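Could you walk me through this structure stop by stop, telling me what to select next and what I will find there? I have it open in a viewer and would like a friendly guide.

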Amino acid sequence: MKIFLDSANIDEIKTLSETGLIDGVTTNPSLIAKSGMNFIDAIEKICSIINGPVSAEVTGVDQTTMVKEGQKLSKIAPNVVIKVPLTMEGLKACKTLSDEKINVNVTLCFNAAQAILAAKAGATYISPFIGRLDDIGADGMNLISEIVEIYNIYNFKTEVLAASIRGVQDVVDSAKFGADIATIPTNILRSMYLHPLTDKGLDAFLSDWAKTGQSIL
Ligand code: G3P
């Protein structure tokens, strides 16, 4: 499974990219607003840090505007992916942009019917929002499972990008259900490293090692 960062925080993206584990980045208008940065500058900067796909979301609501915005954003760097909402206008824009060989991430997906349409529109990625479904008492992970099953039956090339991840278990479950990618907030990625038994075990090893008086180097 590929790991994307769901963030527009340049410092965090830079620090976590140094792990060598980050395959891409997703942003959205809310994350850009939170970063306080100019949108174009932020995407330019993120693309200079990350070699993999970097999603930049359009803000127009009609096909023509979305396509124009997508064409402009795609010129920032070769790894920019255009994020469009899962509306009829968004899917029309997806079709046009993907016909122009521009990679598209269709976002705000909340059911499998929408995911079928996105694949038909040539989306490179579909972003089902797990956490926001769980918030309203629905089953976000079931949606991942349904989309993966349908895409496999029809051999759709669209990759399933689990979004709106709210905890480490969401990442594990997304992997179990076959999501191609999880886009993970930076704090959750950091938590993935942690286990109290790892810390406890390491303390014991280091204290026993100190008793030997040896050094490897
Ligand atoms: O980037 C889209 C998605 O991951 C947003 O997550 O936490 O705002 O529901 P959230």
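This is a predicted model: local features need pLDDT of at least 70, side-chain atom pairs count only at pLDDT 80 or more; totals for chains, interfaces and linings use all residues.

**The whole chain**

Start with everything displayed as a cartoon. Eleven helices and eight strands make up the secondary structure of the protein. Turn the view along the principal axes, and the C-alpha trace spans about 70 × 35 × 30 Å. Of the 217 residues, 47% are buried. If you draw contacts between residues with a separation of 6 or more, 56% of them join residues 24 or more positions apart.

Now switch to a surface. The protein exposes about 11300 Å², and 56% of that area comes from carbon and sulfur atoms. Colour by charge next: there are 19 positive and 25 negative side chains, with the centres of the two sets 4 Å apart.

**Stop one: Leu73**

Go back to the cartoon and select Leu73, which lies in helix H4. Is Leu73 buried or exposed? With a relative accessible area of 4%, Leu73 is buried. Show its surroundings, leaving out residues up to four places away in sequence, and you will see Leu73 touching Phe39, Ile40, Ala56, Glu57, Val58, Val80 and Ile82. Pick out Val58 from that group and draw a line between the C-alpha atoms: Leu73 and Val58 are 8.4 Å apart in space and 15 residues apart in sequence.

**Stop two: Asn79**

Asn79 counts as buried because its relative accessibility is 15%, under the 20% cut-off. A polar atom of the Asn79 side chain lies 2.8 Å from the backbone oxygen of Ile50. Then widen the selection beyond the neighbours within four places in sequence: Asn79 is in contact with Cys47, Ile50, Asn51, Gly52, Pro53 and Val54.

**Stop three: Cys94 and Cys109**

What is the relative accessible area of Cys94? The value is 0%, so Cys94 is buried. Cys109 is likewise buried, also with a relative accessible area of 0%. For the protein, the count comes to zero disulfides with a cut-off of 2.5 Å between sulfur atoms.

Finish with two loop residues. Select Lys101, in the loop between helix H5 (88-99) and strand E5 (104-109). Check the backbone torsions here: phi of Lys101 is near 65 degrees, a positive value in a residue other than glycine. Lys101 counts as exposed because its relative accessibility is 76%.

Then jump to Asn155, in the loop between helix H8 (140-154) and strand E7 (159-162). What is phi of Asn155? It is positive, about 55 degrees, although Asn155 is not a glycine. Asn155 has a relative accessible area of 54%, so it is exposed.

How values were computed. Residues are numbered from 1 along each chain as its sequence is written. Side-chain values use heavy atoms; hydrogens and water are left out. Helices (H or I, at least four residues) and strands (E, at least two) are DSSP runs, numbered from the N terminus. Buried means under 20% relative accessible area, exposed over 50%, partly exposed in between (1.4 Å probe, protein chains only). A polar contact is a pair of N or O atoms within 3.5 Å; within protein, one must be able to donate a hydrogen and the other to accept it, and residues adjacent in sequence count only if both atoms are side-chain atoms. Contact means heavy atoms within 4.5 Å. Accessible areas come from the Shrake-Rupley method with a 1.4 Å probe; for residues, only the protein chains shown count as cover. Lys and Arg count as positive and Asp and Glu as negative; His and the chain ends are not counted. The place of a charge is taken as NZ of Lys, CZ of Arg, CG of Asp or CD of Glu.
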